[in-house]
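Student: I'd like to learn how to read salt bridges and surface patches in a model. Can we go through one together?

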Amino acid sequence: MTTGFAAIPASTSYRLTNARSPLCLIEGADLAADRDGLALVDLRVEDGRIASILPAGTEAPEGGPRLDLDGGIVLPRLVDAHVHLDKGHIWPRRRNPDGTFMGALENVMADREANWTSEDVRARMDFGLRCAFAHGTSAVRTHIDSLGKQIGISWPVLAEMRAEWAGRVALQASPLFGIQFALDAEHMQAVTRAVKAHGDGIFGCVTYMIPELAEALDIVFRTAIENGFDLDFHVDETNDPAARSLEYIAEAALRHRFTGKILAGHCCSLAVQAPQDEARIIAKVGQAGIAVVSLPMCNMYLQDRDGGRTPRWRGVTALHELKAAGVAVMIASDNTRDPFYAYGDLDLVEVLREGTRILQLDHGPTDFAAMIARAPAAIMGVADKGVVAPGLSADLILTRARDWTEFFARPQADRTVLVAGKAIDRTLPDYRELDHLMSKSA
């Protein structure tokens, strides 16, 4: 059993003293932050909930059991707004032969057709959730491949997993299919039925520049309005500046006066637009109230890959410009050990660590931690996640790092994760548990 570095007091009432926490993730406390945006605080935990947040040293030292964190950074359990649990961990049986986007797409399609039974999807989804939980994730939105027979296979499994993981990880899902299938009434009916029966009121698809894009988006938006769905899109995952489906989505949202939440993922081609085009698109995105999630690790892996040539860009969207325009932005894990991304472990501390480097989130506003906590919690509608506040469950990640340079310099492998004030077992599942699935058709 692995519970990390911290020896949590056995009492139902204790204090975590001399902790540093990002001010942008704290509510209900009058605090000051240092130059890194971190506030030095004492947290009181009572019966599994945060009872108070005070400036460090406010209470008398003899105020009951306590753990002195010696300036270590404390985060809320984190929120992952964009993952693919149904694709996860198929790499050993279906690799990406050349590391390209098309190589990923073709090989996932082949593996899905050959292998994605209920048992296969369930085992891999559960494995991924166990990893996320052990690393300190409190909520996950996964995309579910929703084409043909897979609709009837994966959505019931998703519902079962949501029930099984309730209280540990809040799980929600959005369908995933190519925008051209929105023109197929029978397909749209099947996916809508699945979402209504097994989903979380979220609908979506992958958009790209088909001739009927505006017509197809109208169908998707009408479906969402008629059923009270929020929307979640995969958008412009390419370095082709001609890919501007993000602008089409914004125009559709404005055309339909859509009042639900919209999350757009990837949006890679936005970063390679001419400045005037980028500014126009971002303005429409802001007007439409669309939030954007960047997937830094996966997109740096896939984008601008051309065998034998050094990549020329990092693959990520214009996140700084979107944020400066008032657009809600966040980062997330995306794929895990599948043809779209050969690595990853649904560890949002790793995502923040690598995302800070890839997107250069440092040397700017100190609220970047909100991108894996408060911001995704808001778009997912899980308001009790991603923040530290009196009255909320004491769901925390404790580290020994005292500032961001210490935090990012090491993977924080010895972190302690608290759920309702108690340290969880952080032992990760062994990949060998999936070996029996990897012997299937490749």
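Predicted model: local features only at pLDDT ≥ 70, side-chain atom pairs only at ≥ 80, totals over all residues.

Student: Which residue forms a salt bridge with Arg 77?

Tutor: Asp 395 does, with the closest N and O atoms 3.3 Å apart. This pair links distant parts of the chain, 318 residues apart: Arg 77 is in the loop between strands E5 (74-76) and E6 (78-83), and Asp 395 is in the loop between helix H11 (374-380) and strand E14 (396-398). Helices (H or I, at least four residues) and strands (E, at least two) are DSSP runs, numbered from the N terminus.

Student: Is Arg 77 buried or exposed?

Tutor: Buried means under 20% relative accessible area, exposed means over 50%, and partly exposed is in between (1.4 Å probe, protein chains only). Arg 77 has 2% relative accessibility, so it counts as buried. Asp 395 is buried too, at 12%.

Student: Where is the partner of Glu 433?

Tutor: Glu 433 pairs with Arg 130, the closest N and O atoms being 2.8 Å apart. Arg 130 is in helix H2 (residues 118-135), while Glu 433 is in the loop between strand E16 (422-423) and helix H13 (435-438), 303 residues apart. Glu 433 is partly exposed at 35%, and Arg 130 is partly exposed at 28%.

Student: Which residues are linked in a network of salt bridges?

Tutor: Arg 244, Glu 247, Glu 251, Asp 277, Arg 280 and Lys 284 are. Take Glu 247 and Arg 280, whose closest N and O atoms are 2.8 Å apart. Glu 247 is in helix H6 (residues 245-255) and Arg 280 in helix H7 (residues 275-288). Glu 247 is buried at 7%, whereas Arg 280 is partly exposed at 30%.

Student: And what makes the nonpolar surface patch?

Tutor: Patches are made of residues with over 30% relative accessible area and no salt bridge; like charges are joined within 9 Å, nonpolar side chains (Val, Leu, Ile, Met, Phe, Trp, Tyr) within 5 Å. Met 102, Leu 105 and Met 109 make one of about 260 Å², with accessible areas from the Shrake-Rupley method with a 1.4 Å probe, where for residues only the protein chains shown count as cover. Met 109 is in helix H1 (residues 101-115) and counts as partly exposed at 42%.

Definitions and conventions. Residues numbered from 1 in each chain as written. Heavy atoms only, no water. Salt bridge = Lys/Arg side-chain N within 4 Å of Asp/Glu carboxyl O.
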